[in-house]
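User: Please take one part of this structure and describe it closely, then place it in its surroundings.

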Amino acid sequence: MVKQIVRDVFFLGQKSEPATKEDLQVGRDLQDTLHANRDRCVGMAANMIGVKKNIIVVNMGVIDIVMFNPVLVWGNGLYETEEGCLSLDGIRKTNRYKEIEVEYFDFDWKKQKIKLKDWPAQIAQHEMDHLLGKVI
């Protein structure tokens with residue numbers, strides 16, 4: 001189901017809680033909402049649709065990957081960049097890793113590990129920041 005985008009900085013600034021198997025629908029809602037905003041968005045975190053759970057979706061070009069309880073386990077090649085956010089106006093500077101490795105649970109609640117680089121890595125890091133209450 002397509003959800004409304006949260007723009008409340010106080011809400012977005014709060015840390016999210018671990019996701020459980022009962023939160024699978026939130027992952028589907030994130031996919032639907034990202035799809036509906038495809039023209040101006042490449043990733044989302046659950047708090048952007050009003051749910052404080054550790055769930056993100058990242059556009060990988062052809063497909064979107066939903067990650068439950070994602071954890072950045074490795075990063076390499078720190079650089080400075082500028083990012084915008086669907087929940088906020090404007091552009092802000094931040095630091096990102098060029099290459100990362102993320103562990104997460106998929107829709108079958110199986111642990112996965114994925115290596116990302118360049119644009120998908122940047123998107124994933126932005127969305128994982130949301131889960132920590134870090135607003136960029």
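This is a predicted model: local features need pLDDT of at least 70, side-chain atom pairs count only at pLDDT 80 or more; totals for chains, interfaces and linings use all residues.

Analyst: Residues are numbered from 1 along each chain as its sequence is written, and side-chain values use heavy atoms, with hydrogens and water left out.

Strand β2 is largely enclosed by the rest of the structure, because five of its five residues are buried (under 20% relative accessible area; exposed is over 50% and partly exposed lies in between, with a 1.4 Å probe and protein chains only). Strands and helices here are DSSP runs numbered from the N terminus (E, at least two residues, for strands; H or I, at least four, for helices). In a regular strand the side chains alternate between the two faces of the sheet. Ile 55, Val 57 and Asn 59 of β2 point one way, whereas Ile 56 and Val 58 point the other way, and all are buried.

On one side, β2 is joined to β1 by three bridges, and the two strands run antiparallel (strands count as paired if DSSP finds at least two bridges between them). In that pairing Ala 45 stands opposite Ile 56.

Contact means heavy atoms within 4.5 Å.

The loop that leads from β1 into β2 contains Ile 49. Ile 49 counts as buried because its relative accessibility is 10%. Not counting residues up to four places away in sequence, Ile 49 touches Lys 3, Gln 4, Val 6, Val 26, Asp 29, Leu 30, Thr 33 and Met 44.

Elsewhere in the sheet, β4 (residues 88-105) and β5 run antiparallel and are joined by seven bridges. Phe 105 stands opposite Lys 111 in β5. These strands also form a hairpin, with five residues between them, and Trp 109 in its turn has a positive phi of about 60°. Asp 108 is 59 residues from Ile 49 in sequence and 22 Å from it in space, C-alpha to C-alpha.

No disulfide (a pair of cysteine sulfur atoms within 2.5 Å) turns up: a search of the whole structure finds zero. The nearest cysteine sulfur to that of Cys 41 belongs to Cys 85, 7.5 Å away. Cys 41 is buried at 7% relative accessibility, and Cys 85 is buried with a relative accessible area of 11%.

Helix α3 (residues 119-131) holds Gln 122, which counts as buried at 8% relative accessibility. Leaving aside neighbours within four places in sequence, Gln 122 is in contact with Tyr 79, Thr 81, Glu 82, Glu 83 and Arg 96.

For the whole chain, there are three helices and five strands, following the pattern α-α-β-β-β-β-β-α along the sequence. Buried residues make up 49% of the 136 residues. Of the contacts with a separation of 6 or more, 64% involve residues 24 or more positions apart. The radius of gyration is 14 Å, which agrees with the value near 14 Å for a compact globule of 136 residues (taken over C-alpha atoms; the rule is 2.2 Å times the number of residues to the power 0.38). Along the principal axes, the C-alpha atoms fill a box of roughly 35 × 35 × 30 Å.
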